[in-house]
Amino acid sequence: MGFLNAFLEFLGFGIGLPFGLLIGFFLFVYSKPKDVKDPVVRPLHELDTDALLDILPDIPLWVKCPDYERVDWLNRFLLDMWPYLDKAICAMIRSTTKPMFAEYIGKYKIEAIEFEHLTLGTLPPIIQGLKVYETMEKDLVMEPAIRWAGNPNIVLVLQLLSVRLRFQLVDLQIFAAPRVALKHLVPTFPCFANIVVSLMERPHVDFGLKILGGDVMSIPGLYRLVQDMIKKQVASLYLWPQTLDISVLDASTVVIKKPVGILHVKVVRAKKLLKADILGTSDPYVKLSLTGEKLPAKKTTIKKKNLNPEWNENFKLVVKDPENQVLQLQVFDWDKVGGHDRLGMQFVPLKVLTSRETKEFTLDLLKHTNISDSQDKKQRGQIVLELTYVPFREDSIEFSGPLDGNDGRGSASGRYSSDEESLSGAGLLSVIVQGAEDVEGKHHINPYALVLFRGERKRTKMIKKTRDPRWNEEFQFTLDQPPLHELIRIEVMSKRTSFSFRSKESLGHVEINLDDVVHNGRINQKYHLIDSKNGVIHVEIRWSTV
């Protein structure tokens with residue numbers, strides 16, 4: 001009897017449950033809806049606590065959170081543009097899904113997959129608030145709160161043998177809070193290279209799915225199962241820190257070349273130079289620079305009345321593209337009055353150099369860059385120089401070697417000579433003066449910045465009549481040793497454009513300790529200006545070792 005009772009109970013449950021679900025499904029689908037009365041609209045101050053709690057999720061974020069801004073103008077723009085955006089987005093969906101559907105045709109008895117109707121409806125998404133973050137980097141970060149209760153009509157037809165199955169998506173609702181970052185701001189339209197999108201919380205997605213005219217999402221248990229599945233899939237793809245990267249500009253058009261090494265140039269001597277002066281002599285000096293750079297050229301000292309000068313002077317040039325940059329050498333005759341006469345010139349492509357290997361060159365001076373010029377047969381002498389290209393270490397973002405600049409790897413591996421070991425502590429200090437805020441002067445306000453370090457003095461351009469100047473200028477210092485326990489001073493000055501006895505005025509200054517830069521490789525901060533009421537200056541400093 002016990003076995004028979006158990007069998008009958010199991011049989012009744014197995015038959016009754018599907019039968020009850022089937023009846024409930026048809027009653028829900030084919031039952032006539034009741035008339036719904038319009039809600040009563042009352043001011044917020046007349047609602048009790050329970051009513052306020054019920055409507056709290058629907059209140060826009062710009063009402064609840066003061067750091068979110070109201071963007072009615074943007075919602076109005078979306079409303080006017082939505083008919084055109086609808087067609088453009090639907091066309092993109094069709095073109096994207098067409099090759100995906102083609103992969104399944106012929107498999108699993110599938111003969112065709114196509115959209116019978118595809119429209120996103122007449123209701124655009126609504127942005128309930130927009131929060132913009134201020135960052136120290138060259139990007140723009142914002143968080144819009146998006147709600148979309150749309151009325152799309154998306155019908156997908158699946159032809160399986162001779163049976164056509166219609167799947168219809170209706171009553172779509174999406175609530176999401178994405179973070180949108182416009183990264184790598186560049187001076188090329190549209191002024192940013194990438195769009196990076198990530199979700200800060202799991203999105204809410206609700207929709208109806210009709211198959212053969214019946215809403216399958218009304219089946220008990222299926223709705224919550226689909227909800228959880230969608231949230232997990234979307235979260236695994238785009239929930240922060242996962243991101244969706246959208247490339248806007250080609251990387252080759254927006255790449256900003258950064259220093260990758262230092263070229264050590266030793267100008268040794270010149271021989272048999274031209275006689276440029278009346279008395280049969282010359283006063284030569286050498287100018288050297290790298291192509292593709294806007295920095296002033298380096299100069300040797302002037303050797304008076306000498307056609308075979310000996311310089312033995314060392315220079316350091318910052319290299320950004322060793323495969324394409326060229327060292328340009330020009331020998332001039334110094335004149336007290338008028339322009340200086342060029343005695344000759346020569347070029348050395350950096351790609352002929354081997355890293356960390358010193359190479360000596362003896363070059364014939366030319367009149368100009370056209371080597372094949374048959375008329376240029378005049379002997380202009382020779383120049384002798386030594387070149388060493390030392391690239392930055394890949395791990396130079398963090399300084400971890402001994403404080404004396406010798407990391408000890410040369411003697412252990414035997415790969416580097418004694419000269420190369422002396423360069424192991426050398427590096428490049430890059431100072432980027434981004435801008436200042438709330439600077440003010442007593443008599444005039446035409447601010448510019450001065451960067452003072454180890455006796456060198458470098459200056460930004462002057463911007464007239466502004467309290468919030470934006471310079472975005474970079475200055476470089478090539479150093480033999482890491483700048484530990486040293487300070488760099490940055491002064492903000494103002495200069496009157498017309499004649500005055502008080503032509504210059506200090507707007508504030510700051511002294512920055514470089515220890516953190518050496519140990520961390522980079523700092524990017526805003527500093528309050530000393531002797532300024534509210535002035536702030538934004539500075540980025542990088543240290544790269546060779």
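Two strands count as paired when DSSP finds at least two bridges between them. In this predicted model, strand S6 (residues 178–185) and strand S7 (residues 192–199) meet that condition, pairing in the antiparallel sense over 7 bridges. Within this pairing, Lys 183 stands opposite Asn 194 in S7. The two strands form a hairpin with 6 residues between them, and Cys 191 in the turn has a positive phi of about 75°.

S7 also pairs with strand S10 (residues 244–247), again in the antiparallel sense, over 4 bridges. Here Val 196 has Asp 245 in S10 as its bridge partner. In a regular strand, side chains alternate between the two faces of the sheet.

**The chain as a whole**

The secondary structure of the protein chain comes to 9 helices and 26 strands. The chain has 546 residues, of which 38% count as buried. Among contacts with a separation of 6 or more, 66% are between residues 24 or more positions apart. The protein chain exposes about 33,800 Å², and carbon and sulfur atoms supply 57% of that area.

**Aromatic pairs**

The count of aromatic pairs comes to 4.

| Pair | Centre to centre | Angle between the planes |
|---|---|---|
| Trp 82 and Trp 148 | 5.9 Å | 70° |
| Phe 453 and Phe 477 | 5.4 Å | 70° |

The tryptophan pair links distant parts of the chain: Trp 82 belongs to helix H4 (residues 72–102) and Trp 148 to strand S3 (residues 139–149), 66 residues apart. Trp 82 has a relative accessible area of 6% and is therefore buried, the cut-off being under 20%. Trp 148 is likewise buried, at a relative accessible area of 10%.

The phenylalanine pair also links distant parts of the chain, with Phe 453 in strand S20 (residues 447–453) and Phe 477 in strand S22 (residues 470–479), 24 residues apart. Phe 453 counts as buried at 2% relative accessibility, and Phe 477 is buried with a relative accessible area of 1%.

**Charges over rings**

Two arginines are placed over aromatic rings. Arg 147 lies over the face of Phe 175, at 4.3 Å from the ring centre. The charged end of Arg 459 sits over the ring of Tyr 448, 4.0 Å from the centre of that ring.

Key:
Residues numbered from 1 in each chain as written. Predicted model: local features only at pLDDT ≥ 70, side-chain atom pairs only at ≥ 80, totals over all residues. Heavy atoms only, no water. Phe/Tyr/Trp six-rings, centres within 6.5 Å; stacked < 30°, edge-to-face > 60°. Buried < 20%, exposed > 50% of the residue type's maximum accessible area, 1.4 Å probe, protein only. Lys NZ or Arg CZ within 6 Å of the ring centre and 35° of its normal. Contact = heavy atoms within 4.5 Å. Areas by Shrake-Rupley, 256 points an atom, 1.4 Å probe, with all protein chains shown as cover.
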